[in-house]
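Colleague: Could you walk me through this model, one feature at a time? I would like to hear how each answer is reached.

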Amino acid sequence: MSDSIVVAPILIPLLTAIAGSLGWGRARFQCTIGVAGALALLVAAVALFVRVHDTGVLAIQVGNWPAPYGITLVADLLSALMLVVTAVVGLAVAAYATTEIDDRSLAAGFFPFFHVLLLGVCGAFLTGDLFNLYVWFEVMLLASFVLLASGGGRRALTSSVTYVTLNLLASVFFLTAVGVLYGEVGSLNLADLAGKLRTPGALEASRPVAMLLLVAFGIKAGLFPVFFWLPASYPTAGFAVSALFAGLLTKVGVYALIRVFTLLFPLSETGLAPLFLAVAAATMASGVLAAASQGHVRRILSFHIVSQIGYMMMGLALATPLALASAIFYVLHHIVTKTNLFLVSGLIERAGGGEELARLGGFGARRAGLAVLFAIPALSLAGMPPLSGFFAKLFLIRAALDVEAFVSVAVALGVGLLTLFSMTKIWNQAFWKPAPEAHGAQPRSLRGAAVGASAALAVVTVALGLGAEALWSVSQSAAQQLLDPSDYLRTVLESRP
Amino acid sequence: MTVVIACAVGVVYAVSLLLLLRGSLWQLLLGLALLSHGANLLIFAGGGLVLGSPPLVAEGAVGPMAGSVDPLPQALILTAIVIAFAVLAFALVLGLCAGEAGGTDDLEPYGGERG
């Protein structure tokens, strides 16, 4: 019975969304419910993490059917860590949205859809079943469609056609893989599948399924060469929405890749590692090079999401315990940092009246606080010590040197340098150079809740850097669970309703 | 029988991908609608095709009769159909709004942000 805490991160956003939609059209009520729900989710996620950390993998069978027939929810360390960081950025974005989302969007149900999105994300992290993962993906996608299309006016409406099409295509790839896998192996429960795929010949026969899943999750995660929907759509959404997307959506794809290619198709046994390494390098390089040519704050940041996904993919591709742990560390660091950069880009737009770098300037003197808020996540993203991004890159590169993947190390270091170049470009243009001639758009003052949310995430980034050792040891335990899933398998297959 | 269904799946996938690539907003939406049907048909065929043996549990037995069809793919398809229906309903409304905002059926202006 005490294991039912596993359900809490799914129930809380669901109930919050329902409660929010009862007060449809009442902006203040929506804000209160929205932030309270995000806070409750954080409490539940931390409680779940503590339980999993102390006692090991937790699993329950919803609906009283034993595995592999029932609906399985599992929380191992990776899931629990992802839930905690999801709840942290969820709370920050909810607080930010209370002042930055206009009343019309609030009345149109921003917060209920926001929580449905969190519901889909949390469900995807907790499910122990491939088909349910598909269902959670769809929950998340449908909410993201609405948030994207409704928030940003005409441009967001037209660009969301790209987003919707590519994501639906990825879903169909996923569903096709599910169908073929069920036909071949006769199960969809992850733990059950892991056992059945270990029989001789099963992995070779299922390689087409592995490739389909790679393409499906690759589109969602924004891997080379299927990331083009991402920079086309994110910069057109509202700031709070794009921050939430930037932090969470692609990382659900990365989580699915990590889960499937450790539990079902371990890279060391399928021979896909060289392909993964090549995709990782191409993703890192193409993202950062495309960003270098942009002159619009959120377009630069969107291309950097792509290049950062490459680092996580590199950790997964190397598939050693150290590399996997650094990939997990990287995901956690990246979610916090990237969300914050998008929040700060909203503050920059507000303070400067636009997002085109050519039109911004002079914040360094006029808005020193804003400069600090930008500098912390930007330097962390580029990998400056002592911030979290430095340790993420350090661990990853050390893991790559251990297995002598020198090409990947060279690409990773080069991309790190170019990331610093991009961040310096925003810094020089928006903060350092003198303000350009007036261009019509009036700068507006910043509001407390928005600044507070961004500052809180900056504190988390610094804390992750200073407390890197603790997080690193948890990441290593999580990687250990992934590489030796015996605890996971036993807990799922033996847990009774 | 399986061969016929497999060919049908292939044809549905091919037609819907062709529609997606035509560069027209409405054909894109039609392609998306058709594509999910292809996937559903594939799951149906993947679960194994058995004629005339529904998965009924005889009185006093604990499981369905031997040789009967696997009911799980049908449950999966039912779920997938419901999801696809909801998503399609949204995509149609979005297509309608985006078509009004963009003012053309040609997909070229819908690319969003360009670098």
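Predicted model: local features only at pLDDT ≥ 70, side-chain atom pairs only at ≥ 80, totals over all residues.

Colleague: To begin, how many residues of chain A are in contact with residues of chain B?

Modeller: Residues are numbered from 1 along each chain as its sequence is written, and chains are lettered from A and ligands numbered from 1 in the order in which they are written. Two residues are in contact if their C-beta atoms, placed from the backbone, lie within 7 Å. On the chain B side there are 29 such residues, and on the chain A side 32.

Colleague: Which element of chain A gives the most to the side that touches chain B?

Modeller: Elements here are DSSP runs numbered from the N terminus: helices are H or I with at least four residues, and strands are E with at least two. Those that give two or more residues to this side of chain A are α6 (130-151), α7 (153-185) and α11 (229-233). With 17 residues, the one that gives the most is α7(A).

Colleague: And how do the residues on that side of chain A divide by class?

Modeller: Ala, Val, Leu, Ile, Met, Phe, Trp, Tyr, Cys and Pro count as nonpolar, Asp, Glu, Lys and Arg as charged, and the others, Gly among them, as polar. The side of chain A that touches chain B then divides into three charged, twelve polar and 17 nonpolar residues.

Colleague: Turning to the strands of chain A, which residue stands opposite Leu58(A)?

Modeller: Two strands pair if DSSP finds at least two bridges between them. Strand β1 (residues 58-62) of chain A is joined to β2(A) by five bridges, and the two run antiparallel. Within β2(A), the residue opposite Leu58(A) is Ala75(A).

Colleague: Why is strand β2 of chain A largely enclosed by the rest of the structure?

Modeller: A residue is buried if 20 or more other C-beta atoms lie within 10 Å of its own, exposed if 12 or fewer, and partly exposed in between, with C-beta atoms placed from the backbone. Strand β2 covers residues 71-75 of chain A, and it is largely enclosed because the number of its five residues that are buried is four.

Colleague: Are helices α16 and α19 of chain A roughly parallel or roughly antiparallel?

Modeller: Axes are lines fitted to C-alpha atoms, for helices over the stretch in contact, and angles run from 0 to 180 degrees between N-to-C directions. Helix α16 (residues 321-352) and helix α19 (residues 388-402) of chain A have axes 9 Å apart and pack at an angle of about 160°. Angles under 35 degrees count as roughly parallel, over 145 as roughly antiparallel, 65 to 115 as roughly perpendicular and the rest as oblique. The angle of α16(A) to α19(A) therefore makes them roughly antiparallel.

Colleague: What is the distance between the axes of helices α3 and α21 of chain A?

Modeller: Helix α3 (residues 77-100) and helix α21 (residues 448-466) of chain A pack at about 160°, and they are therefore roughly antiparallel. Among the residues in this contact are Val88(A) and Ala92(A) of α3(A), with Ala453(A) and Leu457(A) of α21(A). By class, the contact of α3(A) with α21(A) has ten nonpolar, three polar and one charged residues. The axes of α3(A) and α21(A) are apart by 7 Å.

Colleague: What is omega for the cis bond that joins Pro385(A) and Pro386(A)?

Modeller: Pro386(A) belongs to the loop between α18 (368-382) and α19 of chain A. For the cis bond joining Pro385(A) to Pro386(A), omega is about 5°.

Colleague: Is Ala319(A) buried or exposed?

Modeller: Ala319(A) lies in the loop between α15 (297-318) and α16 of chain A, and its phi is positive, near 60°. Because 24 C-beta neighbours fall inside 10 Å, Ala319(A) counts as buried.

Colleague: And Glu404(A), buried or exposed?

Modeller: Glu404(A) is in the loop between α19 and α20 (406-432) of chain A, and it has a positive phi of about 60° although it is not a glycine. With 9 C-beta neighbours inside 10 Å, Glu404(A) counts as exposed.
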